[in-house]
Amino acid sequence: HIIRVSRNFFLAALTWTIISAYVFFDTLKDTNFFYTVLYFISFCFGFYGVVFSLKLLINPSKDSCYQYLKRLGDPQKLAESIESEFRGRHLRISKAIFTKSWLLILSWSGFKVLILGDIVWVYAKLTKRFVNFIYTGTDKNVVICDKIYGNPSEINCSEAELEALLHHLSKRLPWVVKGYSEELMNLWEADRSQFIIHVNEKQKEFVADLSTDGWIRRTKHDS
């Protein structure tokens with residue numbers, strides 16, 4: 001999958017670079033300095049995309065998803081496990097795919113993989129868009145923070161999908177921290193390990209309560 005996405009990205013970046021280079025050299029004939037600089041910047045972005053995707057084609061192990069799996073164990077075996085679960089029962093909401101143990105987040109450049117049990121904090125992020133100081137809409141994202149990835153993962157979605165995602169995450173992972181506050185963000189940035197310890201303790205308490213409740217129910221049933 002990494003190779004296929006890298007190949008498609010490489011072809012798109014190469015096309016962009018060729019077009020930008022052609023237009024850039026064409027603007028050199030004119031005296032409009034602004035457009036010359038604009039198309040040169042466009043060419044640089046395209047060239048960077050070509051180099052970046054070419055590196056992944058030559059060595060797919062440089063991909064962030066591969067590096068994430070490598071930190072967990074054998075990437076090939078883990079990839080086979082993810083594929084096996086994906087072929088079974090799974091749920092898709094917007095760009096998120098939930099399997100028994102994994103969360104796959106799709107994007108235009110590929111996908112990101114998270115272990116469901118590693119998720120510690122989820123919240124909604126609403127960003128208002130303005131064009132020439134005129135309000136044009138609101139971008140809605142679900143932000144997911146986990147134990148391993150350094151940066152939070154974001155899933156862009158509609159309002160209905162946002163509610164569905166938060167509801168499903170809350171149902172699947174009732175111990176995670178939900179909702180945003182400056183206090184939580186400060187703790188996450190300043191002392192992430194303490195944040196994770198707090199969530200781990202909540203998870204243990206939840207599992208213990210669940211086990212105790214199940215034992216009480218079984219005892220009553222046996223009686």
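1. Basis. In this predicted model, local features need pLDDT of at least 70, side-chain atom pairs count only at pLDDT 80 or more, and totals for chains, interfaces and linings use all residues. Residues are numbered from 1 along each chain as its sequence is written, and side-chain values use heavy atoms, with hydrogens and water left out.

2. Overall. The chain has seven helices and eight strands (DSSP runs numbered from the N terminus: H or I, at least four residues; E, at least two). Of its 223 residues, 33% are buried (under 20% relative accessible area; exposed is over 50%, partly exposed in between; 1.4 Å probe, protein chains only).

3. Helix H4. This helix covers residues 75-87. Its 13 residues should span 18 Å at 1.5 Å a residue, and the end C-alpha atoms are 18 Å apart, which agrees. The expected span is 1.5 Å times one less than the number of residues.

4. Pro75, Leu78, Ile82 and Glu85 are buried. They cover an arc of only 90° around the axis, so they sit on the same side of H4 (the arc is that of the directions from the helix axis to the C-beta atoms). Gln76, Lys77, Ser84 and Arg87 are exposed, on the face turned away from the buried side.

5. Strands. E5 (residues 119-131) and E6 (residues 134-146) pair antiparallel over 12 bridges; pairing requires at least two DSSP bridges. Valine 131 has isoleucine 134 in E6 as its bridge partner. Two residues lie between the strands of this hairpin, and asparagine 132 takes a positive phi near 55°.

6. Next pairing. E6 also pairs antiparallel with E7 (residues 153-156), over four bridges. Here valine 143 stands opposite glutamate 154 in E7.
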